[in-house]
Each structure stands twice: as C-alpha cells, then as structure tokens.
Amino acid sequence: MARKLSPDKLLFATTLALVLVGVVMVFSASAVMAEEEFGNPYYFLIRQGVWTLLGLIGMWWAMHVDYRTFRHPLCVYGGLFVCILLLVGVFFMDPNHNTHRWIRLGSLSFQPSELSKPALVIFMASLLEKEANRVNDWRHTLLPCLAVLGVVLGLIVAEPDLGTSIAIAAVAFVLLFCAGLRLTYVLGACLLAIPPLFYLVYFYEYRMQRVFAFLNPWDDPLGSGFQPVQSMIAVGSG
C-alpha cells in the first residue's frame, strides 16, 4: 500500500503569503481609481478577495484529492476540449481594448488562456507517463504534444496574448525536458522559436514600445516608460 504523504506546510505557507501580498498590492494600486469610478475604494479589493477565497477553497480541495484522479480520460481530454472550445469562443465576444481574451457572463469574467495552463499540463503529464519509455519518439509522443501545444498557443497568440503563450510554451518544454527529452531537441526548438518571436515583436509597434521602455524607460517617463520609472523611484525612496 502506498504511503500517504502529508501536505508540504512550507509550500502552503509560501503560496498563502504570496496570495495575500498580491491582494494588498491590488488594493494599493486600485484604491484611488475605485474611489473615483465607483465611489468605493474597496471595490476592486472586495472582488479580488472573493476570487482569492474561491482560489484557496480550490487549493484546499486539490490538496485532498489523489493526483492520480486527474489522469482519468474525462479529466485529460474533457478539460482540454473545453479549454480549446473556450479559446475559440472568445473570438465571438466583444473585444476589450482590441483584444479577445475575456469571456464575460454578467458581472463575472475570466480568461480561457488561464484555464488552458492546468489543462495542458494534465494532458502532457498523462501522455508522458504513458510514453515514459519513448519520450523522444516523434510519432507517439512528440507529435501529439506539439500538435496540441500548437493549437493552444496559436489561439492565444491570435487573441493576442504573447506573454501567456510564451509562459505556456516554457512550461510545456520544461515538462518534456524533465520527462527525458533530448537536449538537442530543446535547443532546436529554441532556435526555431526565434523567427516567429522576432516577427511577433518587431512588426507590432506596441510590443516594440515595451522593449524600448524596458531598455530606456527615461526616454518617455510619462508615457511607455511610466511604470518602470515609477517602480525605480519607489525602490529608490524606500
């Protein structure tokens, strides 16, 4: 009989601390705007607090569920199918700041790209477990992984949301590498990713502005470089 492991208290405490710090930062950054727009400085804090509570309940539930439950085909393929369906569905929603990232249901809204992160991890973990002895097999392992990854990343990039797609791609390749993917494949994938990344940054003005703002925020301290400059002022003033 398998030994039952207790939860990692340090990891739990660290996660809880980061969540609470995040809630404080939300209040610090939004109190003035919430007062001006809604007449209540706690408007965004309350909303964030509700989602934080739901997230903590979900974390508590996940801590008490056997992880092997998530390799059931309904969880693996059902979750992936729902996420892809939602990623397609955002394009039929009204755009927000010229992007299609959100699904809104009344006062509630969420980004399907966030749901795709755990769904993709569960799918890849399940597949890599089944094909543990042939991780570098193109037909049975790499091709299915890359095909699903390509569909998910393509939909997220089209929203557009380059940052989330890069984060998901990085997590996917870490999973593959930890499962035994050859280093040459990892390096090859990184090299192949350079041209599309260059295109997606260089030919989109707002992304180039972010790069320039990062390199020299003082060139436009009241525009694109406002946030980096203010962060340096905040750190410098203690």
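This tour moves through a predicted model, one selection at a time.

**The whole chain**

Begin with the entire chain displayed as a cartoon. Nine helices and two strands are present, and along the sequence they follow the pattern α-α-α-β-β-α-α-α-α-α-α. Taken along the principal axes, the C-alpha atoms fill a box of roughly 55 × 45 × 40 Å.

**The nonpolar surface patch**

Which element supplies the largest share of the patch? Helix α2, residues 43–63, does so, with six residues.

**Strand β2 and S109**

Now select residues 108–110, which form strand β2 and include S109. Which residues does S109 touch, if those up to four places away in sequence are not counted? They are W51, W102, I103 and R104. For a distance across the model, pick the C-alpha atoms of S109 and V50: they are separated by 13 Å, while the two residues are 59 residues apart along the chain.

**The bond between E159 and P160**

Move on to the loop between α5 (138–157) and α6, where P160 is found. Display the backbone of E159 and P160. The peptide bond joining these two residues is cis, with omega about 0 degrees. In general, most peptide bonds are trans.

**Helices α6 and α7**

Finally, select helix α6 (residues 162–178) together with helix α7 (residues 183–202). Their axes lie 11 Å apart, and the two helices pack at an angle of about 175 degrees. Angles over 145 degrees count as roughly antiparallel, and α6 and α7 are therefore roughly antiparallel to each other. To view the contact, show side chains on both helices. From α6 the contact residues are L162, I166, F173 and F177, and from α7 they are L183, V186, A189, L197, L200 and V201.

Note on methods
Residues numbered from 1 in each chain as written. Predicted model: local features only at pLDDT ≥ 70, side-chain atom pairs only at ≥ 80, totals over all residues. Heavy atoms only, no water. Helix = DSSP H or I, 4+ residues; strand = E, 2+ residues; numbered from the N terminus. Axes fitted to C-alpha atoms, helices over the stretch in contact; angles between N-to-C directions. Parallel < 35°, antiparallel > 145°, perpendicular 65-115°, else oblique. Contact = heavy atoms within 4.5 Å.
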